[in-house]
8 protein chains.
Amino acid sequence: MDNKKIKNLLTSLKDGTVSVENALRKLKHLPYEDISFAKVDHHRHLRQGVPEVIFASGKTDEQVLTIARAMHKKSGAFLITKASKKIYRSLKIKGAVFYPDSGIIAVGEEKKKAGNVLVLTAGTSDIPAAEEAAVTASFLGSRIETVYDVGVAGLHRLMDSSDQIKKARVIVVAAGMEGALPSVVGGMTDKPIVAVPTSTGYGTSLGGLTALFAMLNSCVARIAVMNIDNGFGAGCRAHKINTLAGNE
Amino acid sequence: MDNKKIKNLLTSLKDGTVSVENALRKLKHLPYEDISFAKVDHHRHLRQGVPEVIFASGKTDEQVLTIARAMHKKSGAFLITKASKKIYRSLKIKGAVFYPDSGIIAVGEEKKKAGNVLVLTAGTSDIPAAEEAAVTASFLGSRIETVYDVGVAGLHRLMDSSDQIKKARVIVVAAGMEGALPSVVGGMTDKPIVAVPTSTGYGTSLGGLTALFAMLNSCVARIAVMNIDNGFGAGCRAHKINTLAGNE
Amino acid sequence: MDNKKIKNLLTSLKDGTVSVENALRKLKHLPYEDISFAKVDHHRHLRQGVPEVIFASGKTDEQVLTIARAMHKKSGAFLITKASKKIYRSLKIKGAVFYPDSGIIAVGEEKKKAGNVLVLTAGTSDIPAAEEAAVTASFLGSRIETVYDVGVAGLHRLMDSSDQIKKARVIVVAAGMEGALPSVVGGMTDKPIVAVPTSTGYGTSLGGLTALFAMLNSCVARIAVMNIDNGFGAGCRAHKINTLAGNE
Amino acid sequence: MDNKKIKNLLTSLKDGTVSVENALRKLKHLPYEDISFAKVDHHRHLRQGVPEVIFASGKTDEQVLTIARAMHKKSGAFLITKASKKIYRSLKIKGAVFYPDSGIIAVGEEKKKAGNVLVLTAGTSDIPAAEEAAVTASFLGSRIETVYDVGVAGLHRLMDSSDQIKKARVIVVAAGMEGALPSVVGGMTDKPIVAVPTSTGYGTSLGGLTALFAMLNSCVARIAVMNIDNGFGAGCRAHKINTLAGNE
Amino acid sequence: MDNKKIKNLLTSLKDGTVSVENALRKLKHLPYEDISFAKVDHHRHLRQGVPEVIFASGKTDEQVLTIARAMHKKSGAFLITKASKKIYRSLKIKGAVFYPDSGIIAVGEEKKKAGNVLVLTAGTSDIPAAEEAAVTASFLGSRIETVYDVGVAGLHRLMDSSDQIKKARVIVVAAGMEGALPSVVGGMTDKPIVAVPTSTGYGTSLGGLTALFAMLNSCVARIAVMNIDNGFGAGCRAHKINTLAGNE
Amino acid sequence: MDNKKIKNLLTSLKDGTVSVENALRKLKHLPYEDISFAKVDHHRHLRQGVPEVIFASGKTDEQVLTIARAMHKKSGAFLITKASKKIYRSLKIKGAVFYPDSGIIAVGEEKKKAGNVLVLTAGTSDIPAAEEAAVTASFLGSRIETVYDVGVAGLHRLMDSSDQIKKARVIVVAAGMEGALPSVVGGMTDKPIVAVPTSTGYGTSLGGLTALFAMLNSCVARIAVMNIDNGFGAGCRAHKINTLAGNE
Amino acid sequence: MDNKKIKNLLTSLKDGTVSVENALRKLKHLPYEDISFAKVDHHRHLRQGVPEVIFASGKTDEQVLTIARAMHKKSGAFLITKASKKIYRSLKIKGAVFYPDSGIIAVGEEKKKAGNVLVLTAGTSDIPAAEEAAVTASFLGSRIETVYDVGVAGLHRLMDSSDQIKKARVIVVAAGMEGALPSVVGGMTDKPIVAVPTSTGYGTSLGGLTALFAMLNSCVARIAVMNIDNGFGAGCRAHKINTLAGNE
Amino acid sequence: MDNKKIKNLLTSLKDGTVSVENALRKLKHLPYEDISFAKVDHHRHLRQGVPEVIFASGKTDEQVLTIARAMHKKSGAFLITKASKKIYRSLKIKGAVFYPDSGIIAVGEEKKKAGNVLVLTAGTSDIPAAEEAAVTASFLGSRIETVYDVGVAGLHRLMDSSDQIKKARVIVVAAGMEGALPSVVGGMTDKPIVAVPTSTGYGTSLGGLTALFAMLNSCVARIAVMNIDNGFGAGCRAHKINTLAGNE
C-alpha cells in the first residue's frame, strides 16, 4: 500500500465519504499484520521510502512464501531479494519477474519511470549487486541505465561512458577487488555517487572488506558507501536522490 | 574559484569582452598550481562538488600554511580540516574562523544559506564529527540545524526533535559506540540520511569500526555511510543532496 | 538428577533410613559417569544452575546418542542443542520434543512454569537463537512469552509490545545485523536484559561480530551479552534471574 | 532524582496537595535539561535502573564540569566515570569521593546497603575495573565484598574464598589475559556471574579482546559478559540482580 | 630410515665392512628423493626429531599415495595426517592403522614405548587433535595415557586425574572454546605442558583463535602453544621432552 | 592482438596501403568490444604488458565461454585462469591446453621462449599457484624452470638448487604456511624475487594472510609481493623483468 | 621459599624436631600472604616450576614495591619483569640487578648454573625479549649462551653458530618481522626450540602477530611458541627442559 | 665495501700481488663484524643487491651510532632509515646528508646515476615513503624523477605526467587511503610498477592495511607491493629493475 492510497483515504475522510471510525480502523490496521514469525510492515514504504521487501537469505523457503503471500494480498507490489529460482517457482504470482544474476524477484512493478540513475560496474563479477540496485530503483520508479565492466585498468572504457555520466542524476558504482572505481568516477563528476563494494575477488579482497574500506577512504570525500553486496540499499538510496531532483 | 566565476568568464568570452586566447590561458591556468610538494587543485570544486580543502593531519604545519596561502590568493574561500589552534594562529588570514571542537578552519565563507540540513549526534563526544559536517555544509551554502545528545538510550529526547526531522531535507547522524541512532532515525522518516560513525567509545568500539559496521548493517537499508569521523565528507554529501531539492 | 533428589537422599541419611556408607556411595557415584570419550556430569545442574545438556555440534551422531542414553538412564530430563532431525529420529526416547528452527531437543521436561521471561527478536532470521533460549528457560521452569520481528526499523511494532515488556521479569533480546534492539529496549525499561547477537546478516555483519560488539557498546550500560547464537546460555541466565525474583 | 521522589509527587497529586498543572510541569521538566552540548537526563535512573552518570572520557574537562554542576543542582547524587584527579579537584562539590585506581567520582552517595555483591579479580591489574563495579553497585545500594588477585594459576587462593562465594547473591569477576576466572568460578557455583574482561596483558591479549572472547566462549554457558573494562555496567547489572532477590 | 640405521652404516664404515665410497654414496642418496612434485626427505627424522610424515590436506589423493609409496620403500615407518578413509583404503600397505577421529594413518610403528605422556582434553570435541598427538608420540616411542572431557566447568573431574598428572613426564592439553584448561592444569603441576588450541566452538571462538590467544596469555607463563588443531606437532614435541628425561 | 600487428597497421598507414579512415576505424574498433556484460579489452596487452586473460572465478560458465569466443576471434591467443575442467571441455578451441593443478587454460600460445624465469615452491601444496605463474610467463615468452618442494625445513634441498638460482634472471617463490622461503632465497642471491603467498595451511595460516604478511616483513627488503594465490600476476611480472634484461 | 626449605621442614617433622601442629601452621602459612591488593604466592615456585615474579606493567610503582618487599622478606629471591629504572632505584634491595634492555630486575639470584640454554635473536631489536629469557633461565639455574643478530637474510652468520647449536640442550629463538628464524634453526637441529615472537617491525608486522602466526605455522612442526615479547615464559620453559636432561 | 673492491682483491690474487693466504683472510674477515649486539654484514650488498643499511627504529640511539661507526670504517657508504635528527647530529660523519621528511641519512653516496626511476605520490602525506624510495634508489645509482600529489581524484594532474611515465624504466607509486593510484597508473603503461602503501589516512585506512590490500587486489595484476611505508625496499627493488635494463 503506497502513499497515494493513504492520501485518498484521508481525503475521503475529509470529504465525508468515509467515517472517522472507519478511517481509524483502516489506518490502525495498516501498519503491520502479525503472521506469528514475522510482522509484515505495510507502512514501511511510507515511513522510510523503501519498497516492501523480503530479504530471503536466512529465512526458510516456507517463511518467505508465507510473508510474500501476505504482502501480495495487501499491497500487490513488493520485492524479494537474495531469492532462489526455487522460491520463484513456488511463488506462482502472476507478473512476478525473476532476475537470475542477482536473485531478485519483483512483483507488481508498474511505476512510471522518471529521472536518470546510472549503474556502473568495474567488472563482470560485480553485475549481481548492480542488477539488484537497478531492479530496485526501477521498481521504485527511477529510469535506469547500466554500463558494465568499465574498471580502472582500462580508463578509456570509462571515458566512453562520459555522456551517460553527464546525463545521470545519481550514479551507483559497484566494484570489488581494490574498489577504486568510485574514486575515479568521483574525480570526473560532481554527481552524487552511491558506492556498493562487492565480494568479488580472492585472497586479500577479504570478501569485500578491502573494497569497502577503500571506498570509505576515497580521496573523493563525498562518496556514500553501502554494505558489501547491498544492491538493494543502493537502489533505494539512488531512487530517493533521483526523485529529490524532480519527477521527470 | 567557484562555478560562478568560470561561468562569467565563459559569458565574457561569448560576449566578446574577453579574447579566446585570454580565456584559454585563464582556464588552462586554473586547474592546479604546482608548489612542488602539492598540486593545489582550483578546479576540484567544479568537478566534484566539494569545497577547496586542506586535510591538515599528516602534513607538516609548514606545508599546510604554504598550501593555504596559495589557495587564499586564487579563490579566497576554502576549508582546513583536522587543524590545530597553532595552525590557525599562524595563518593570519582576515575573516578565518576556527572551530575548536572539530579543528576546522573556514576561510572566506560568504555563501547565502538555503535548504535545511539537520545534524544529530548520539552523545556529547560525537560533536567533533558533527561540527565538521555542519561547518562544511554551511560553508557550501546549506542552512544548518544541530541537535546534539539524542542517543537511543533516551528515545524521548529524540522524539522531541521530530519537528526538526520533518523540516529537514537531509539528515546527518553522527554516532559512536553501538552506532544505532541512524537506524532509529531511519525508522522515523524517509529523508536521506548520511551516517558518520565516530571513534567515540572504548574496548570493542574498536576505534569506530563497530559503529561503522552497525551502520552498514542497518535494517534501514538506504542509509549512506561515511568513513569514521569523516564529518567533512558528510557535510559535502548532505549539501549536495540539499541543493538537489532546490535552492531555497 | 536434580537438587530435590539429593536433598531427599541427605534427609534419608539424617532420618536413618539410609546408611552413611550407602549415601556416600550414591553421592560419590553421582558426579559423573565415565563413558570413555565423555564424562557425563550428573551434578552440573546442582553446581552451576544449568540443565544437563549435550552440545551436539562437533560431536559425531554416535557420540551424541551414547551420551544421551547415559543421561536418560540417570536423570530422565536433559536437553540436546544444535541437533539435527536425524539425531532426533535415532534417539527413540518417549516424550522427547524436537524444535526444528533451533535444532533443540528437550527430554523429560515437566517442571511447573513460574515467573515471566519475555523473548524478543529483531527479525524472522533471529528466531533460531530465540527459540533455543525460550525452550531452555521453559525446560528449567520459567513461564515464557515470545514476540518476534520487532526490530528498530519499525519502532511502533516494538511500542505495541510495551505491555509485555512491563509484565516481564527479565527480557531476552536476539538480534543480528546492527544489533540495536537491546539498546532501544533498554532505553524503555529497567528490567534485566540478556542480549544474544545472532549470525543473521551478510557482508560487514561478520557472522554476528558486529551485532556482538554493538551490544557490548550499548549506551545502556547494564546489558549482559552472550556469545553469538548462544540461545542456550541466554535461556539459563534468564531463568536464573527470573527465579531470583520469586517462584510464582 | 529517584523513584521515591516521583512517587511522592504523584501521591501528592492524588492527595490534592499538588495541582495537576504543577505536577505536569514538574514531570515535564524532569526528563532532561538542555545545556546545548548535552541533554542531562534526570529520568534515566527511573527508566533504566542505572544511576545518573557522566562518562568523562571523550569529553573536555569543561564539559564534564558543566554537566556535573547541572546534575548536582537537580538530583544531588550521581557518578563520574573514567575521570582524572584534575576533574575531581575542579569539581569542588562537598562530599564527592574520588577513587584513584578506577578514576570514578561518587557524589551524594547515601543509600542504605543491602544484599551481597562479591567482586573478584584475577590479578592486581584488574582492580581498576573491579573498583568501578564495586563503587557503582555500592552507590546504587548494594552491600559489597571484594577479593582481589585470585586467578586460576593459584586455585587454592580461589578455594579460600568459597565462603564468600556461598554468601554472595551475585558475583562480578574481572579478569584480563586469558580470562579464565569466570569459567572456574562458574564451575563452583550456580550464582549469577557478571564477567568483565579487562585490558590487562600484552601481545595477543589484544587489549582485552582475548579475555572477552574467552568469556563469551565459556563452557559455563550462563555467564553474562560486559564490554572491556566496563566496570560501571557490571556494577549496575550486579546491583539490579542483587535487588531482585530482596532488599535485605 | 631412522637414527639407528645410519649409526650402523657409520659403524660399518669404521669397522671397514663398508668402503668410504659406498658409505658416501648411501649417505648422499639418503637426504631426499625427487619424485618431481615432492622431495621425500628421508633425513628429516635425523635432523629435526620428527617422524617422516605426509600432511595430506591440500594434496591430491594421488600425490599422497605416490609419496607414501616412496616412503614405504625406503624407511618402512611413517605417518600420514589429516587423511581420509579413502586414502587409507587405497594405500594397501600391510599393518597400516587408520584412526578415524583424527584421520591419522600410522605405517610400520614398532617402537618400544617408554616414559609417560599424558594427553588431556577439555571436551569430547577436542578428541581429534588429542588423538593425533597421542598417535604421533606413541609412534615415536612414548608411552601414552589419555583422559578426555575434563574441562574447567567441572573441576572435580580434573582433580580425579591428579594421579595421572603426577605420573606424567609431560602433559599435552587440547582445548577449544575459552582454552582455559592449560592454565588450570599449569596451576596444579610444574610438568612441561604442550597446549593445543582446537577449532571446537562457534561464534567468537573464531575457529580456534580465541583458545590460541587465551593459551598464549596464560597466567602460567611457561606453557608452550602449538598451531590450532596441530596435534601432530604436539605429539612430536611431547615425545622429545619425554625422552629428554630418560629412556625408561 | 599484439604490439606487432598494430605496428604493421600503422606502417601500412604511413606507406599509403591503408587509408587514414580505415586505420582510424580499425584502431578505434580495437580497444574493446562490448558484449553487454563484459567489455573485451583487446588493447590491454599493449597498454599493460599482461596477456589477454579471463578470470573465470566469479563468472558463470556461460559468461566465460562467450568472452573466450570473442577473444578467440580477434586475437587468437589468451589465457583463462581459475577455470574448471568443465569450462575447458565446453570451450572446444583447437590447441587449447588445460593445466589441472592450477585450472589455467592457454589458447594459441606460440611465442618463442627467451631468458630464464625460475619458479620455486616451499611445498607440494603450493604447486597450483606456481604452475599458474609458470604457464603465464611461458605464454608471454619466458623460458621457465621449476623446482618444487624446497621449503626451509630442509635447507639442503634448497642448496641443491643453487645452480638454477644462479642461472635465473628472476625468481618466483610460492609459499604458504609461515612464508619464509622468499627471505631465505633472498639471502642467497641478488636476483629480483617475486613472492606469491599461497592459501596452503590451516589454523593461523589464516588462508594465506600469515604468509603474505611474513613476506611483506621480510628482512630482505627488496622482495615484491603479490596477492594470495595470484600466480597469474607473478607470471606477468616475472616475464616483464625477464625481458628487461634482454631478449635471448 | 623454594623446594629445599619445604623438604627440610618435612624432614624435621619426620625426625620429630618439629611438631605436627607447627609444621601444619607453617605450611598453611606458606601458600600466600594477603597484602589486600595482591596475594603473594610463595608456593607457586613449587607448584608450577616458575620463579616468584612480579609483572610490573599494569601495576602502579607503589604496588610493585609493596609486593617486592613482601617477597623479599619471605624468600629472598625473585624477579620483577617489565620494570622501569625508577622502580629499580626505589627498590633499595642489596644485590638486586637491573637489566636495562629488557627491564628485568633479579633479586637474590645465587643458583649454581647447569646444562646449556642457547638464546638466539634474528636482529638487534629482538634483544629485549631475548635478554628477559636469558636472565630468567639463568636465575632459575640454567647455564646460558647468547648469539644475537643471526637472522635468515644472512644465513652464513647462523651457520657460524652451528657449534653452539650442537652444544645446546634447548634453544630459545627470538624474532620479529617475518619470524622465520625458528623454522630455519629447526631445519638444522632436533633440539627443542622455544620460539618468542617479538613486536619488532612496522606495518604488517602487526605488533608481532605476523611473527607469532608464522612461527605457529612453521613447517618444522614441533616448535613451541610463546606470547609476543614473552621472554620470561620462554626462560621458564627453557630452564624446565634443560633440567629434564640432567643437572650438570 | 662494494662489488668493485672485492673484484679488485680477486684480480690482485690472480695477478699474484696478493697471496692466497692474505686474500682468504681478508675475504673471511669481510662477511660481518661482531660488535656483540649486532653483526655488521659487509657482504650483504654483494649477496642481496641492497645497500648497507641500519634500520634505526627499534634500536637505541647508542646502538645505531655504534653500528654506523663500524660501517663507516669498513665501507664508507651506507644508509640509516627511520632516523631522527638527533641521531644525525650525533653522527658527525662528513658528507652525511639528512632528509627530514623521511628521516633517512645517506653517508658516502657518490655513485654515477643512470637509467630512470619515476617516483609518484597520491598526496602530500605520502612524501615520506616516496622520499625514502627516491633517496635509496639514487644512493644505489639510479637517476630519479619525482612527481608528487597526483592522486586519482584529479586525473588530469596525473595525465600531465604522461611524458615522465613514458620516459621511466620503472615507476614507484606511494599512496595511502584507498590506494588506487597504482591501478590507474598500471592501466596507462606497461612499465614495472612498485607500489608502496602508506599509513596516510584515518579510520578505515587501518594504518595502511586498506591501501595495501587494495594494491594487492589491483585489477592490474602485475603490480608488486611492498610493506606499509617501506620506501627503502621500494627503492632497492626499483634500482634493481632499472639496472636490468642497462647502465645508461
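Trainee: How much area is buried between chain D and chain C?
Mentor: In this predicted model, the area buried between chain D and chain C is about 2900 Å², with carbon and sulfur atoms giving 55% of that; buried area here is the accessible area (1.4 Å probe) that two parts lose on being put together, summed over both.

Trainee: And how many residues of each chain are in contact?
Mentor: Chain D brings 37 residues and chain C brings 37 residues, contact being heavy atoms within 4.5 Å.

Trainee: What is the count of salt bridges between chain D and chain C?
Mentor: There are two salt bridges between chain D and chain C, each defined as a side-chain nitrogen of Lys or Arg within 4 Å of a carboxyl oxygen of Asp or Glu. Lys240(C) and Asp190(D) meet through their side chains in a salt bridge at 3.3 Å, N to O.

Trainee: Which element gives the most to the side of chain D that touches chain C?
Mentor: That is H11(D), with seven residues; helices (H or I, at least four residues) and strands (E, at least two) are DSSP runs, numbered from the N terminus. By class, this side of chain D has 22 nonpolar, nine polar and six charged residues, where Ala, Val, Leu, Ile, Met, Phe, Trp, Tyr, Cys and Pro count as nonpolar, Asp, Glu, Lys and Arg as charged, and the others, Gly among them, as polar.

Trainee: Switching topic, what is the volume of the largest pocket?
Mentor: The largest pocket has a volume of about 1500 Å³. On a 1 Å grid over the protein atoms alone, a pocket is an open set of points where a 1.4 Å probe fits, with protein on both sides within 12 Å along at least five of seven lines, and lining residues have an atom within 4 Å of a point. Grid points are joined across faces, edges and corners, and the volume is the space filled by probe spheres set on the points.

Trainee: Which residues are the closest to its centre?
Mentor: Of the 29 lining residues, the closest to the centre of the largest pocket are Leu209(B), Leu209(C), Leu209(D), Leu209(E) and Leu209(G). The lining divides into 24 nonpolar, five polar and no charged residues.

Trainee: What should I keep in mind about numbering and cut-offs?
Mentor: Residues are numbered from 1 along each chain as its sequence is written, and chains are lettered from A and ligands numbered from 1 in the order in which they are written. Local features need pLDDT of at least 70, side-chain atom pairs count only at pLDDT 80 or more, and totals for chains, interfaces and linings use all residues, while side-chain values use heavy atoms, with hydrogens and water left out.
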